[in-house]
Amino acid sequence: MELLDHGLMTLGRKFLWQHRRSTPDELRQRAVRLYRESDPTPVIRRLAEQLGVHHEALRNWIRQAEADAGERHDRPSSDMLAENRRLLKETAELRRANEILKAASAYFAAELDPTRRRS
């Protein structure tokens, strides 16, 4: 099966050597759309070779697109992943703030009551 270029082949090869996070969103979206709109459905490995991306990367993009569309329930959607990342950062920040407040509280308690034993 020969796929039309659509500018994807050049885009894919250009970014083949880079880390997956640096793959342009446009390439991801167009590759997934090409896979989903092709009839018959292409073999992922062959399509990935033609696009110049790793086959597992393409497979993951397709799975994530299916999860985002509500077609898969075995993995979280992109929105849920982003919310989880945000909550993890917020939790870490709150824990750091709590530790600072505990230390400050202990310091000021010792300053106010100099007869209290320091351990």
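Gln64 counts as buried because its relative accessibility is 15%, and buried means under 20% relative accessible area. The structure described here is a predicted model. Gln64 lies in helix H4. Leaving aside residues up to four places away in sequence, Gln64 touches Arg75, Pro76, Ser77, Ser78 and Leu81.

**Helix H4**

Helix H4 covers residues 55-68. How far apart are the end C-alpha atoms of H4? They are 20 Å apart, which agrees with the span of 20 Å that 14 residues should have at 1.5 Å a residue. Gln64 belongs to a set of buried residues in H4 that also holds His55, Leu58, Trp61, Ile62, Glu66 and Ala67. An α-helix has 3.6 residues a turn, so residues three or four places apart point the same way. The buried residues of H4 pack against helix H2 (25-37), helix H3 (44-51) and helix H5 (78-112). After H4 comes Gly70, which has a positive phi, near 80°.

**The whole protein**

The protein contains five helices and zero strands, and from the N terminus on its elements run α-α-α-α-α. The table gives further values for the protein.

| Property of the protein | Value |
|---|---|
| Share of the 119 residues that count as buried | 25% |
| Share of contacts with a separation of 6 or more that join residues 24 or more positions apart | 42% |
| Accessible surface | about 9300 Å² |
| Share of the accessible surface that belongs to carbon and sulfur atoms | 53% |

Methods:
Residues are numbered from 1 along each chain as its sequence is written. This is a predicted model: local features need pLDDT of at least 70, side-chain atom pairs count only at pLDDT 80 or more; totals for chains, interfaces and linings use all residues. Side-chain values use heavy atoms; hydrogens and water are left out. Helices (H or I, at least four residues) and strands (E, at least two) are DSSP runs, numbered from the N terminus. Buried means under 20% relative accessible area, exposed over 50%, partly exposed in between (1.4 Å probe, protein chains only). Contact means heavy atoms within 4.5 Å. Accessible areas come from the Shrake-Rupley method with a 1.4 Å probe; for residues, only the protein chains shown count as cover. The expected span of a helix is 1.5 Å times one less than its number of residues.
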